[in-house]
Amino acid sequence: MMSEESAPMRHIDLGSPPPLEPPAAGYRFPGPPPPNYSCTLTPELVAKAREELQEKPEWRLRDVQALRDMVLKEQPNLRTRLDDAFLLRFLRARKFDYDRAMQLLLNYHTSRRAWPEVFQDLKPSTIKHVLDLGFLTVLPHPDPNGRYILCLRPGKWKANDYPFEDNIRAIYLTLEKLIQPEETQVNGIVILADYTGVGLSQASNPGPFLAKKVVSILQDSFPIRIKAVNIINEPRIFKGIFAIIKPFLKEKMAERYVLHGSDLRSLHRNIPRSVLPEEYGGVAGHLDMSAWSKTLLDSEEEFIVEFCQPDPLEGVVLPDSMPFEGQQPGGAAQDDDTFRGLRSQLYYCY
């Protein structure tokens with residue numbers, strides 16, 4: 001792992017809402033903790049982590065060592081980072097439950113092997129066309145709860161532009177960058193998906209099997225807390241899109257989906273205008289796609305170190321219950337049958 005200098009962390013006042021005015025310009029996305037771990041959380045976030053994640057500062061490094069010992073004992077051949085900052089991501093994502101954190105770590109590496117179209121040669125320069133298209137960005141300022149906002153615009157993509165998997169590659173690299181600062185590990189993130197321009201071709205392209213793999217990664221294979229998914233400007237066919245996704249969502253995650261339609265006032269009750277761009281009724285300037293693109297593209301070398309290496313699971317014997325490892329007999333056929341039924345629903349809605 002390359003040594004990286006951490007950028008200054010931004011103090012987040014969790015006790016009072018921000019004023020309805022644009023945040024200060026020139027804010028830079030915070031960097032990861034230093035290689036030799038030293039907690040960068042504010043006192044407010046230390047208290048929040050204690051209450052919500054069962055993270056006790058006095059036991060933090062002991063818990064990290066316990067997870068490290070589990071990896072070395074149960075999966076000695078697993079090629080994974082074992083530094084404190086990396087393992088803390090998994091402990092926080094599973095509220096310091098050692099077994100669940102261990103399972104998440106294994107899922108994290110298993111998903112890479114199971115989906116080579118997404119994870120092979122995964123680095124920012126290979127998804128520059130996705131960034132240039134404006135498919136996604138991260139808004140420059142977090143919400144009042146300290147959560148960064150991942151903005152997706154699926155209507156920008158057309159099926160003949162490039163494979164859908166390239167969108168997943170861009171989302172995954174964005175999540176990897178977002179999870180580096182400790183404040184994101186504690187606060188989680190919010191997703192804002194603008195479905196303007198989404199038609200039948202985009203809606204029917206992923207299919208149930210692909211949708212299942214995406215949801216499995218976000219829910220079970222990545223150490224990030226998705227606290228809300230706000231959908232705006234969704235067309236009538238979104239009911240069909242959500243019908244594809246919902247069977248794979250856990251109940252808690254399904255409840256975090258909020259559909260606003262074209263009602264910006266409804267959106268503003270969930271994400272304040274102070275952090276939204278003008279395109280969504282906010283006061284934080286125009287939507288800037290270039291700043292996040294630069295953040296990712298400037299991280300090329302660190303992602304080469306992280307992802308462009310030999311298979312981390314080579315020689316590893318995984319439990320039978322690992323996601324993506326094989327498929328039940330008839331599973332693909334069942335997915336195809338489900339897709340045919342849902343596709344007819346999409347045509348009807350459209």
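1. Start with the contact between helix 7 and helix 14. In this predicted model, L173, T174, K177 and L178 of helix 7 meet W292, T295 and L296 of helix 14. Sorted by class, that contact has 4 nonpolar, 2 polar and 1 charged residues.

2. How do the axes of helix 7 and helix 14 cross? Helix 7 covers residues 165–178 and helix 14 covers residues 290–297; their axes come within 11 Å and cross at roughly 80°. With 65 to 115 degrees counting as roughly perpendicular, the two helices are therefore roughly perpendicular to each other. If you want the reasoning for quoting both values: two packed helices are described by the angle between their axes and the distance between the axes.

3. To find your place on screen, take C151: its bridge partner in strand 3 is L192. As a reminder, strands of a sheet pair through backbone hydrogen bonds, either parallel or antiparallel.

4. On to charges. The salt bridge count comes to 15. One of them is R68 with D84, where the closest N and O atoms are 2.4 Å apart. R68 sits in helix 2 (residues 60–74) and D84 in helix 3 (residues 84–93), so this pair ties together parts that are 16 residues apart in sequence.

5. Last, the confidence. The protein chain averages a pLDDT of 83, and 76% of the residues score at least 70. Which stretches have a pLDDT below 50? Residues 1–19 do, and beyond near neighbours in sequence that stretch has 44 contacts in the model. Residues 324–350 are also below 50, with 36 such contacts. Where pLDDT is low, the predicted coordinates should not be read in detail.

Definitions and conventions. Residues numbered from 1 in each chain as written. Predicted model: local features only at pLDDT ≥ 70, side-chain atom pairs only at ≥ 80, totals over all residues. Heavy atoms only, no water. Pairing = 2+ DSSP bridges. Helix = DSSP H or I, 4+ residues; strand = E, 2+ residues; numbered from the N terminus. pLDDT = per-residue confidence, 0-100. Contact = heavy atoms within 4.5 Å. Axes fitted to C-alpha atoms, helices over the stretch in contact; angles between N-to-C directions. Parallel < 35°, antiparallel > 145°, perpendicular 65-115°, else oblique. Nonpolar A, V, L, I, M, F, W, Y, C, P; charged D, E, K, R; others polar. Salt bridge = Lys/Arg side-chain N within 4 Å of Asp/Glu carboxyl O.
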